[in-house]
Amino acid sequence: MRYLLFAAAAGSVVAAAVYAVNFSGREPVSAQDFVNLQQGAQVQAGFRRAHAKGFCISGEFQSSGALAQYSSAQVLQSGSYPFVGRISIAGNNPSAPDLKAPVRSLALTILPDSPQQWRTAMNTPPVLAVATPEKFYQQLLAIQNSTVPEFFAAHPEAQNFINWRNSYQPSQSFATERYHSINAFYLVDTEGQQHAVRWAAVPLTNETGQLADAEATDALQQEFFSRLQQGPVRFDLQFTLATANDNPADATIPWPDTNPQLSAGTIVIEQASLQDTGACNAINFDPLVLPAGFAPSEDPILRARAAAYAESHRRRAREVLLQPTTGGANE
């Protein structure tokens, strides 16, 4: 049964897998090339190529209905909807120290057993350094080659990301981070009108938490599991609406705080489990798996993300299938 879960959203996976990035005068760079860079020389069989380390969460999204006028999506109508999710850190090492990771992530599949499910993969940075897949691939190469300062110097559009990076102070808990959609999407109302939005999961607690052992590899995971023993962890899902001055296709530019903002509701995390036994492990959190009432923006990075996720998903699914006696623990 666990293998069948890898077939979810197969249509979007197939469509994304054929996405390729064209360089002027050069051979196309495919999703396979992106994932090759992410996984590195040592393959961690059965694990995601990016954000390999994480754990599963579940709970409910308590929708306020405040966005119902902007979208026909079921998840934005007033009510409570179950979700399966995953909290993770950046990198390809499933044994990496939690506190060393530069990026933390929150991914959700709301209404996981419904055709109206919504998948969103949010990260701590509010913006990207570059606006095109071509430049993003070059950025990955710069990281690999230790030439990031030179890359940023040649790409002034990265300044917003650099400003965030320089001011960002990682918290002592996954529960007190702010997670962003980064890319823009459209809400589609019952009349077919589109409204460009971004969203963020904003923590509803100021309690910093206590790390049982700051030197532990799983320090943040341990803190989160301990926190849940005291009660659910909550985030406010805040949507920011674009104005005529905002470009939904460019994820390098932050939208002003003066833009209209609405609370879509509350993410209530009630349970957490290790990823080798959790329901999230076989899910590809493809940001293009959207219900009716949502639509992707024209942002090319959004499609490149989906393509890379699909290729990573394909590789680990194959590894699990080829090693059925041992692979289940690494789904």
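Biologist: Which residues are buried in α6?

Modeller: First, the ground rules. This is a predicted model, where local features need pLDDT of at least 70, side-chain atom pairs count only at pLDDT 80 or more, and totals for chains, interfaces and linings use all residues. Numbering starts from 1 along each chain as its sequence is written, and side-chain values use heavy atoms, with hydrogens and water left out. Buried means under 20% relative accessible area (1.4 Å probe, protein chains only). Helices (H or I, at least four residues) and strands (E, at least two) are DSSP runs, numbered from the N terminus. In α6, the buried residues are A219, L220, Q221, E223, F224, R227 and L228. That is seven of the ten residues in 219-228, so the helix is largely enclosed by the rest of the structure.

Biologist: What do the buried residues of α6 pack against?

Modeller: Look for contacts, meaning heavy atoms within 4.5 Å. Here the partners are β3 (53-63), β4 (79-89), β5, β10 (233-241) and β11 (261-274).

Biologist: How many bridges join β4 to β5?

Modeller: Two strands pair if DSSP finds at least two bridges between them. β4 and β5 have seven and run antiparallel. V84 stands opposite T109 in β5. T109 also stands opposite R119 in β6. β5 (residues 104-110) pairs with β6 over six bridges, in the antiparallel sense.

Biologist: Why is β6 largely enclosed?

Modeller: Six of its six residues (118-123) are buried, so the rest of the structure largely encloses β6. W118, T120 and M122 cover one side, and R119, A121 and N123 lie on the other; all are buried.

Technical notes: Buried < 20%, exposed > 50% of the residue type's maximum accessible area, 1.4 Å probe, protein only.
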